[in-house]
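Hi,

Here is the structure I promised to pass on to you.

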Amino acid sequence: MQLIIGDKNYSSWSLRPWLLMTYFRLAFEEICIPLYSPKTSSLIKEYCPSNKVPVLNDGNLVIWDSLAICEYINEKYLSGRAYPNDIEQRALARALVAEMHSGFVNIRSQMSMDILARDKVFDKKTVELVKEIERIDEIFSNAKGEFLCGDFGIVDCFFAPIAFRFRSFNVQLSDKSLQYQKTLLALPSVQQWERGAFEEMTILSKLE
C-alpha cells in the first residue's frame with residue numbers, strides 16, 4: 001500500500017489515516033508531497049483525480065478522502081477493530097467522526113494546524129469559534145476511559161489534529177478534556193508524526 005500525504009506540520013487530513021495505519025502497525029509506503037510548492041498540484045494529480053491528499057493506493061484501487069480511507073482500512077485490514085464492538089458505542093463513534101469530518105469550520109479556518117508552533121494568537125476569536133471550542137471540550141470530557149469511545153480507533157484519529165491545534169493556540173480545557181488531549185499527544189504514533197514534522201521543517205529551513 002501507498003499513502004500519499006501532505007506536510008506533517010500542516011496537513012490535518014493526512015494525519016488521520018496515517019495515524020490509524022501506524023497505530024495498528026500496518027505496512028505501507030509513505031509518499032509526502034509539500035503543500036505549498038508550485039509543483040504541488042501537478043504532483044498530487046499523478047496519484048489522485050480529486051487533486052487532494054491524503055490518497056491511498058492499494059493495488060489497482062485508489063481511494064481519496066480521509067474518512068473513506070479509514071473506513072476501507074478498518075474493513076479490509078483491521079476486521080472492524082477501529083470502531084467499538086458495542087453497537088451503541090460504535091454508533092456514537094461514527095456520529096463523532098461525522099461531526100468532525102463535516103463540521104468545526106471556524107476552528108479549521110481560524111486555527112490552522114501548525115504542529116511546531118506554540119502560543120499562537122487568534123486573529124479574531126469569534127462567538128462561533130468559542131462555541132466550537134466549547135463543543136470540543138464537551139466531547140473530550142466525555143471520553144470513555146483513555147480514549148473517546150473505549151479503545152483507540154478512528155474517532156481518536158479524527159480528533160488528533162484538534163489536540164495539536166489546541167496545544168499550538170494554548171486553548172484552556174477542563175481537567176478531563178486536558179487529560180484526553182495529553183493522552184492522545186503522548187501516543188508513540190502521534191509523537192512519531194510530530195518528529196516527522198520537525199524533520200521536514202528542519203530540511204525546509206536549510207533549503208531556504
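Let me start with glutamate 138 and arginine 135, whose side chains form a salt bridge with an N to O distance of 2.9 Å. Please keep in mind that this is a predicted model. The two residues sit 3 apart in helix 6, so about one helical turn separates them. Glutamate 138 is partly exposed at 40% relative accessible area, and arginine 135 is also partly exposed, at 26%.

In the whole structure, the search finds 8 salt bridges.

- With arginine 167, the closest N and O atoms are 2.9 Å apart. Glutamate 194 lies in helix 9 and arginine 167 in helix 7 (residues 154-168), so this pair ties together parts 27 residues apart in sequence. Arginine 167 is partly exposed, at 22%.
- With arginine 118, the N to O distance is 3.6 Å. Arginine 118 is in the loop between helix 5 (105-110) and helix 6 (127-141), so here the parts tied together are 76 residues apart in sequence. Arginine 118 is partly exposed, at 42%.

Now the cysteines: the search of the whole structure finds 0 disulfides. For cysteine 70, the nearest cysteine sulfur belongs to cysteine 157 and is 5.7 Å away; a disulfide would need the two sulfur atoms within 2.5 Å. Cysteine 70 is buried, at 0% relative accessibility, whereas cysteine 32 is partly exposed, at 31%.

Best wishes

Technical notes:
Residues are numbered from 1 along each chain as its sequence is written. This is a predicted model: local features need pLDDT of at least 70, side-chain atom pairs count only at pLDDT 80 or more; totals for chains, interfaces and linings use all residues. Side-chain values use heavy atoms; hydrogens and water are left out. Buried means under 20% relative accessible area, exposed over 50%, partly exposed in between (1.4 Å probe, protein chains only). A salt bridge is a side-chain nitrogen of Lys or Arg within 4 Å of a carboxyl oxygen of Asp or Glu. Helices (H or I, at least four residues) and strands (E, at least two) are DSSP runs, numbered from the N terminus.
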